[in-house]
Protein chains: 2
Amino acid sequence: MKTVLVTLPVEERHKAKLEAAGAGCRFVYCGLNGATPELVQQADIILGCVPAGMIQASPRLGLLQLYSAGTDPYIVPGVLDEHTVLTNATGAYGKAVGEHAFAMLLTLQKKLHRYRDAQRAHAWTDFGSVCSLSDCTVLIVGIGDIGQSFARLCKALGAHTIGVKRRPGGCPPCVDELCLTEELDSVLPRADVVASFLPGTGATRALYTAERFAAMKDSAVFINCGRGNAVQTQVLIDALRSGLIAAAGIDVCETEPLPADSPLWDVENLLITPHVSGNFHLPDILEKIVELSADNLKAYLEGGSLRNIVDFETGYKK
Amino acid sequence: MKTVLVTLPVEERHKAKLEAAGAGCRFVYCGLNGATPELVQQADIILGCVPAGMIQASPRLGLLQLYSAGTDPYIVPGVLDEHTVLTNATGAYGKAVGEHAFAMLLTLQKKLHRYRDAQRAHAWTDFGSVCSLSDCTVLIVGIGDIGQSFARLCKALGAHTIGVKRRPGGCPPCVDELCLTEELDSVLPRADVVASFLPGTGATRALYTAERFAAMKDSAVFINCGRGNAVQTQVLIDALRSGLIAAAGIDVCETEPLPADSPLWDVENLLITPHVSGNFHLPDILEKIVELSADNLKAYLEGGSLRNIVDFETGYKK
C-alpha cells in the first residue's frame, strides 16, 4: 500500500477529493509545517512542499507534487532520487500573484505608499502629479501563467504590454508585443513599468544589473513578484537611491525573511511585501492545487500522463 | 472690452487656445492661488475657481467657469449675482478620480497599507488572506462621470457593479444593475465594496449613517472620493473601530485640511489621502478643462449654448 503524505492546508472536502483519486493509498495529513524526516522517508508520494533537506534522495519517493510554482530547492543535484517525478503548481498562482503585483503597481503610481507614510505622521501633504497606467508601456518579463494574468490586468486599464519570454512561441492576447529574453536590453528603455515574474534559475540570477536599471527610464517603476535573486539587494538600493528608476515594489528579496537590519526596509520609494502574493491567500489557489494534485495522483498511480512535470535543466515545467 | 480672469495653471499653448476663443477680451492670468478681491471684482468672466468670499455677488461677473466638479461654495445664496452663469468641470475628473479610488480599493483589498506599516517597522509579517475584486459586488453611489470611470475599472477586473443614481435613466454599459438613491438601503447588504462619489449638497450630507454602515457586510470596504460631509467623522471612526465594516479609504474629510490632532489619522484600516485624487495631478485634467473653458467662453461671448451649466437647486450640472 502506497503512503501519500499531504502537506496542503486541506479541508474535509479536499481530503475526499484526494482520497477518491488515490483509492487504496494510505493518506497522512501533516499540515503546512508538520513534515518530519520520518514522515518524508516513509512517503511514496508527497502532495505539497517539504524542506528539501528532509528528502535525502529517498528512493521510495515516486512523486513529489509541489504546491509552489518555484522549484529551485528541489532541482539541486542530490535532493531527489533520479526516478522521482517532480511536478510543480504552475497555473495555480496566476490570479493571486498577478493581482498582487498589479495592486503594488497602482499603489506606487498613485503614491499611496507615501500618503500612507504621511498619514502616520498626521500630515496633510500633497505629493503632486501622478501617472495613469493607460499612458504606460508595461514590460512583463516572464510571460507564463502569472505574467499573463498581470498583463491582462494592465491591458484592461489601457496599457501597452510587451511580453518577454525565453523561447519563441505564440503571442497571448494580453500581450501587444512579444520579444525574447536576448532582446531585453533593446526594449528596457521603452518601458514605463518593468514587471518581473521569473523563477529562480541559474539563467535569471542577478538578471537586473546596474546597467539594466540605468537603461530604464528614470520615471520607470520596477516590480518583482518572481524570485528575489533576480536582483542583487545593493543593486536595487543603488538604482532607487541614485534615481535610475522612480520606484519599486517587491514581494521577494535575495534573503527571506528580510533581516530586520537590512537597509532595504528604509529605501525611499520602495514598497516591500513579505512574499505573500501567493501562499494560500486567495481561496482560488488551494482549489486549483487540490485539483491538480488529485489529477496527477490518479495519473501517477494508473501510469497516465502527468501535468506540470518539471524539467531539471530549466526549473520550468517541461 | 471684457476682462477674463484665468486662475487655471495654464501653459503658453493653453493661453493661445483660450485667447483664440475669447478674441477681443483682455486676459489676466493670476495662477491657482493668485486671485485678489480687486481682480475678481474687475472680471467679466472667470475661468477657474476663486474664493467664494471674493465674489460678493459682483454684478459685473457674467460667467464663472469653475475648474472643479463640486459647486458647493458657489450655490450658497448671495455668493453669485442672479444673472451670473455658473458652469462646472464635470467630465474632467472621471479618469483621475476613478483611478485614484480604484488604486485605494486594491491597496486595501491586498492589505498593502498594512504591509507598508510593517515595512516601516522592519517587520516581515504575513497578514493572511486577501480578496479578489473579481469575486466582489461593487456598489457605486453617484454614477456620473467619475463613478462611471471607477465602475469601468472594477468591471474590467471582473467585479459585478451596481450603480446608484438620483434620477431614473439609462444604464451605462459599465453598470450591471442600476438603482435609485431611495433603494440604497436595500442594496447595501449585498455590497463587498461601497464607493461614494457624491457632490456636497444638502441631500448627500451625512448620508452614510451608523445604520447604513451596520447594514453593510462586516467584510465591506468603503471608499469616499466625493465630498467629506457625506460621512460624519465620528460615525466613520465608530464603524471602523467596532468592525461594522472591514476597511475604508477616503480622499475627503468633513474638515479639510484634516487637523493634525484628528482621531481619524490613527484609525486602523483607514487609508487617508489629502484630497489629491483630482487637482491637476493627471495631465488629462487640465487639457479637458482648458478645452471646456475655451468652448464655454466662446459660446458665452457669442450667445451660444454652454456646457455644464449648474442647477442651483441640486448643485449638479443641469
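Trainee: Which residue stands opposite Ala195(A) in β9(A)?

Mentor: The residue opposite Ala195(A) of β9(A) is Ile140(A). Before we go on, keep in mind that this is a predicted model, in which local features need pLDDT of at least 70 and side-chain atom pairs count only at pLDDT 80 or more, while totals for chains, interfaces and linings use all residues. Residues are numbered from 1 along each chain as its sequence is written, and chains are lettered from A and ligands numbered from 1 in the order in which they are written.

Strand β9 of chain A covers residues 193-196; strands here are DSSP runs of E with at least two residues, helices are runs of H or I with at least four, and both are numbered from the N terminus. Parallel pairing over four bridges links β9(A) to β6 of chain A, residues 137-141, where pairing requires that DSSP finds at least two bridges between the strands. Another four bridges join β9(A) to β10(A), residues 221-224, again running parallel. In that pairing, Val221(A) of β10(A) is opposite Val193(A).

Now look at where the side chains of β9(A) go. Val193(A) and Ala195(A) point one way, Val194(A) and Ser196(A) point the other way, and all are buried (20 or more other C-beta atoms within 10 Å of the residue's own; exposed is 12 or fewer, partly exposed lies in between, and C-beta atoms are placed from the backbone). Val193(A) and Ala195(A) also turn up, with Val193(B) and Ala195(B), as the residues with the most contacts inside the largest nonpolar core, which has 201 residues. Such a core is a set of buried Ala, Val, Leu, Ile, Met, Phe, Trp, Tyr and Cys residues joined through C-beta atoms within 7 Å.

Leaving out residues up to four places away in sequence, Val193(B) touches Leu105(B), Cys136(B), Val138(B), Leu139(B), Ala220(B), Val221(B) and Ile223(B); contact needs C-beta atoms, placed from the backbone, to lie within 7 Å.

Staying in chain B, you can follow a whole sheet. Seven strands form an open sheet with parallel pairing, in the order β8-β7-β6-β9-β10-β11-β12. Strands β8 (177-180) and β12 of chain B stand at the edges with a single partner strand each, so one side of each has no neighbour in the sheet. From one strand to the next, the twist averages 15 degrees, where axes are lines fitted to C-alpha atoms (for helices, over the stretch in contact) and angles run from 0 to 180 degrees between N-to-C directions. Within this sheet, β6(B), residues 137-141, and β7(B), residues 160-165, pair in parallel over five bridges, and Val141(B) has Val164(B) of β7(B) as its bridge partner.

Some of these elements lead us to the other chain. Between the chains, 35 residues of chain B are in contact with 35 residues of chain A. On the chain B side, α3 (94-109), α4 (112-120), α5 (145-156) and β12 (270-272) each supply at least two residues. Helix α3(B) gives the largest share, seven residues. Sorted by class, this side of chain B has 19 nonpolar, 11 polar and five charged residues; Ala, Val, Leu, Ile, Met, Phe, Trp, Tyr, Cys and Pro count as nonpolar, Asp, Glu, Lys and Arg as charged, and the others, Gly among them, as polar.

In α8(A), residues 233-241, the buried residues are Leu236(A), Ala239(A) and Leu240(A). They cover an arc of only 95 degrees around the axis, which puts them on the same side of α8(A); the arc is that of the directions from the helix axis to the C-beta atoms. The buried residues of α8(A) pack against α7 (210-215), β11 (247-250) and β12 (270-272) of chain A. After α8(A) comes Gly243(A), whose phi is positive, near 75 degrees.

Definitions and conventions. Two residues are in contact if their C-beta atoms, placed from the backbone, lie within 7 Å.
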